[in-house]
Amino acid sequence: MTPPKVISLNEVWEMMESPSAVLVTVNQRLARYLKSEYNTRQYHSGRRVWETPLILPYDAWLEKSYNEADVSRQRSGRAGLKMLLSKAQECLVWEQVIRKWDQDQGRRLLQVPETARPAMAAWELCREWRMPLYELGQAPSDDTAAFLEWVANFERLCREKEWQDRAGLGDVVTDLMKSGQITAPKQIILAGFDELSPRKSDMIQVMAASGSGVAVLSNSVEASVPRRYAANDAEAEMAAVACWARACLEENPNSRVAIIAPDLEVRRPALVRHLDDVFHPSRVLLPDDSGFRIFNVSKGRSLSEYPVVRVALLMLNFSYRPLQVVETTELLISPFAGGANSELSNRSLLDARIRENGEISMTISGLIHFLGQTASKTPGGKPLCENLHDSLKEFQKEANRQTGSRRPSEWTKYFQSLLLSMGWPGDRTLTSREYQTVEALKEILAQFAAMDRVAPQMDVRTAVAEFTRIVKDTEFQPETGDVPVQVLGILESAGERFTHLWVMGLDAENWPRPARPNPFLPARSQQRHKVPHGSAEYEYEFARRTTDQFLCSAGQVMFSYPLRDGDTELAPSPLIEGFEAVPASTPDQGWRMRIYQSRVIEPLIDGKGPEASADSRISGGTGLLKAQAACPFSAFATFRLGARPLENPEPGLNARERGNLVHKSLELFWERIKTHAALVSLSREALTDAVCRAVEQAVSLSAKDHPRTFTRIFTRLETRRLKALLMEWLAVDRERSPFTVTDREKKLACSVGGVDLKTFADRIDRLDDGRLVIVDYKTGEPKVKDWFSERIAEPQIPLYSFAVNEAVAGVVFGQIKKGSVKYLGVAEEGTVVAGVSSPGGVFNGAMGRDAQPFAAMKDVIAFWRQKIEILAEEVRQGVATVAPVSVNKTCLYCGLGPLCRIGETDFLETTEMGINS
């Protein structure tokens, strides 16, 4: 075969003046670039109107040629060609073939869609690189043997259904050219193809034999001497390339700058962050994807990752299954649901209430019911989010209309009506990126509707799953227009020309890249046929050829690599090792660090909030004092400012709710039994019956608040657990000296240091001598030493001791934990509550080495009052220092870290030290 003629870009433009010429590119990006260059050339030549040139990616040109031949046959009265499958349709057919084979074999592949994609790619490689199936069948591995069976079934199904697969499209178009059913273009120009597969070579030979002029666009430009740069690590490399790009534009604003990263999928977030820091510093502090950027990242993301699409998929899933709590949050706070603009604050409040209620999932009817409950708490009796309430009712109507199995086109109409009923994509004007994303999803809907020819009828769950898969498999990047800085992957840069080019990540470990053979094709066959990326030999040749192309793609070329990856030292790729080395330099600091280092430090002691005036009262329970002891800022933010983190619901009941069930069960039990004497007099059967009644009543009350949690099985198990736990605890109570339970969940209120404290005592027992024993139930592992710490870490029950205003003989924890049921605390004498400490057995922990034991219970209570008054005075004065007692313990369970910014100083200092080093 005679090699095609190599021509310059100017010669290409002259040829493209002819309407019979076609320019075929290796990818869509190069086609857009060459169209733009052609239009610019026409405009600068003085033309205002010109004919659009035929510039198409290879796959689009094949499809166009096939469709034109199909139309031509039908116009001449002959039968049309086979129906050409789209990529999504073909993938679905492969899934059907593999799934049926799997069932026939009695196996169960866990991920059929994930298996279908490489199988489809393997079949395309076989056709493109002329790999005969008989060669694959010689002592095949299990995977290859399965693949050959799939191919046979796939081809048979395509013949029966008269489908044309895309893998065989090139051969069909070639045969149609041979037979004259497709007229070969008079002039075809190939752009960006660094190698030609056997099938492409055959097609070119057929076109040449038909009289077509075949040419190849030369990619060479006058290149300067390439240079090599070594960065300390990948972060330093990205920082250096961002500063270099800025310097290029500062030197010449008309520059066309390219940054190429072999692993762009991995580097993308960090690289965008560095480029934003250099070009758009305001976005570092306030991220925003909606505005203009001076750079463009060619590698798109999955369409499903864009927020406007994510919420659309959530809505479709919501039509047939409950949403998990994080999904409910995403739906409620999304701006892409109808009425979001006017109800955003209320919807955020609704989300907080749902979480506080412990809901881990939410159905449509459940969310409507929850909204209905909010109506009684709002003026006028309207739901908190009226627009959302109305939308959900319409959404529910639509969801209830579709049952059974339907064709994809019918499901498409259903999906559209569902999204419409929820007001998707929202009320506000969409940004350009959002609008393009919405249009892309509408195109996927059209593709899904076209699945009728290849897909059987399916239920709603399967339909949503299949549609979601297509969306996830679709790579999308909104168009941004022509910007001066292009961030590209290795393959995206083919055929384009730049003034400045920087190729990064070229260390010896990654360039040449490791081989990535298709798992369904024998490695030796891939090596023999030089299948792309199928062997180390191919990867070396590809890297060498691509490096040479980089040298001819720009006037200034820079190659770079990191010196280390973590603890691993790296060397430059052998393909760039001989280039001139540029001395390593410290890149300019990012915007954030420049602000930080330009600071003028002015010490400001800001550890106090506003003091409470004499006539004002600060309300709060013992939780206020407990928080003040643990961290004054946490107490101030929570009880004075009303700040609190969102709840994170757990499956079933959380620890607090389980504890409440124990509390309620014991409250109901003592409501009936009342005295120690009555407890002792009960027979085993009578005691069991009393416990059962109390537990069942408590469970019934809790089930009203958590109807979805208390299923029949869960109710039975929880009831059994509570009965056993109470029986174990009451056995301890039977051993006590006589008492009468005078109060259960007793409301106690007192004022300490100008702070109103309201709380509830779990149980108050009165002894025969009239003194009280205060009992606080704990289902965890309470520590009595927390009553005697410097800042009295557990002030609740000490507060009870003087809030009752009566003589107190003992203050105790009732530890009710399976396998560890006992009393803990302090009592006047051992006979009051067996097993607890006496005042003489505990020490004043605030006195350190000089600690002395307490003489009597009244001294213990006086100590507690003094400590609580100190905490209350801090609260009244507005003391709000960020001073956690223990960072590891206090801050671990505090959700106010972003508000107090306790970790910010350390983070900035660490970053600064890293840059300086």
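**Entry 1, a residue pair.** I began with V503, which stands opposite F559 in strand 17. Strands here are DSSP runs of E with at least two residues, helices are runs of H or I with at least four, and both are numbered from the N terminus. I then looked up the strands around this pair: strand 16 (residues 498–503) and strand 17 (residues 554–562) run parallel, joined by five bridges. Two strands pair if DSSP finds at least two bridges between them.

I am working with a predicted model, where local features need pLDDT of at least 70 and side-chain atom pairs pLDDT 80 or more, while totals for chains, interfaces and linings use all residues. Residues are numbered from 1 along each chain as its sequence is written, and side-chain values use heavy atoms, leaving out hydrogens and water.

I traced an open sheet of seven strands with parallel pairing, in the order 10-15-9-16-17-8-20. Strand 10 (295–297) and strand 20 (580–582) are at the edges with a single partner strand each, so one side of each has no neighbour in the sheet.

I found R355 in helix 15 (residues 340–356). R355 counts as buried because its relative accessibility is 10%; buried means under 20% relative accessible area, exposed over 50%, partly exposed in between, with a 1.4 Å probe and protein chains only. Beyond neighbours within four places in sequence, I noted that R355 is in contact with residues including V325, T329, E647 and P649, contact meaning heavy atoms within 4.5 Å.
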